[in-house]
Amino acid sequence: MEGIKAPIFSFSILTFIYFLAVSSICTLASSQTDTLSRNEKIGIGQTLVSSNKVFQLGFFTPGNSQNRYFGIFSEDYTVWVADRENPLSANSATLTIQDDGNLAVITGGGYIFWSTDVSIASNTTTAVLLDTGNLVLKEGNPRDSGRYIWQSFDHPTHALLPGMKVGINLRTKQTQTLKSWKNDNDPTPGNFEFGIDVDGLKQFFIYRRSIPHVRAVFWNGSAYDDTSRWFGHSFEFNYSVADSETEVYFTISHSSSAIHMLVMTPEGFLSYVKNQSSYISTRGWIGESDVCSVPGGCGEYSTCNVNNRPVCKCLPGFEKDEYNKCIRKTGVKCSGDDGLLVLKRVEMSEPPTYYTATEDEGECRERCLSSRCDCKAYAFFSNQRMFFNNKSRCTIWEDELKVIHEEEHTQEELVVGIPVAASDLIAGTLSSTFMLLNYNCHSFGLNVG
């Protein structure tokens, strides 16, 4: 029996949703059960069905592909795939609970195609497909709350359902990310990934081939300030970030009966999807037109503010050249004759050259200035919770700056200093975002507190 065949939806690129459509309801297991116990099997053409009849677990064939995969899907789309890089080539396979208690897909030839592969103290396990779309492996009675030995929500693929997490466990160092499909017919991981920056600031990026592509969410230690870059959309879900000693993660929630989720698309967009009464609504969330979240979107030594016109502006002491790039009006001499442009109410998402432990902003400033012309900028974060390493609150850039966001509503816990030629900075031309200091830190410009 062939797996489920899923035709392709056709949408414009801004609303394109690459979830794999299912042409009809799958052939269900005879009892339409949500539970798999020992000595029971699910074969090709059969499924586990959540008790609310929304989600199914079984084998499927995406779009016009000839490959078969194993995953979780609804009538309209796929939300989780067990082994994305290896399609099932066997003509027959079954889902079963092994003697060691693990849930596994076994081919007709006895090969273990996929397994939960966890250490289990007993073999009294059952698998349950919950109404949330979470596949769980439990010990004991499946109707008891019990302890989850394994759950699919800990291993997201391309879709973030309410209750799933994108982030990091600080004890185990295990991360959860969303990875796009290669295309609408191939669930193999594609070029884009939504996840947390684990090296420094607690911020979430859309990565392109492991390189930061778009900053999606920025954590300042107590709140998130990137809502101005969500294109004015009104979404029917809530997002939150947990920040504790054991984990940092992003999640979503909603109160309606419809299915809500975020999807990392093959085109690099983080899209919001709502499905209710067989109607799918998709809206772009992050990554579609947000120049301020794209590293280098405004070029070097410029600020970006989506509420300004023009959106991109050169910093004081810099001007546009014939190629429309911001360059220094006058080169710095790396001496006491230079000035220091200090920025407040800004955010920096460009990874620094290195972090260093300092106690205050003055010490951080001296670290930068003492390195002569190697230091292009420094930043000091007064809120320690913004970092994974609470001691490394001073950051140094030795490369040209590319990403500076103006943030009117930021909590002003970040100070950024950029060496500039004092002769090019006139106090009357500075906005409330900037102030000017000389290397000896005596104010001779506009000081904003």
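Reader: Which residue in S16 stands opposite glycine 167?

Author: This is a predicted model, where local features need pLDDT of at least 70, side-chain atom pairs count only at pLDDT 80 or more, and totals for chains, interfaces and linings use all residues. Residues are numbered from 1 along each chain as its sequence is written, and side-chain values use heavy atoms, with hydrogens and water left out. Strands (E, at least two residues) and helices (H or I, at least four) are DSSP runs numbered from the N terminus, and two strands pair if DSSP finds at least two bridges between them. S15 (residues 166-169) pairs with S16 in the antiparallel sense over 2 bridges, and facing glycine 167 is glutamine 176.

Reader: What stands opposite alanine 127 in S12?

Author: S11 (residues 125-129) and S12 (residues 135-139) run antiparallel, joined by 5 bridges. Across from alanine 127 is leucine 137.

Reader: Within what arc do the buried residues of H1 fall?

Author: Buried means under 20% relative accessible area, with a 1.4 Å probe and protein chains only. In H1 (residues 361-370), Glu361, Cys364, Arg365, Cys368 and Leu369 are buried. Directions run from the helix axis to the C-beta atoms. The buried residues line one face of H1, because they fall within an arc of 135°.

Reader: Which residue caps the N-terminal end of H1?

Author: A side-chain oxygen of the capping residue lies 3.2 Å from the backbone nitrogen of glycine 362. The cap is aspartate 360.

Terms used:
Buried < 20%, exposed > 50% of the residue type's maximum accessible area, 1.4 Å probe, protein only. Polar contact = N/O pair within 3.5 Å; in protein donor to acceptor, adjacent residues only side chain to side chain.
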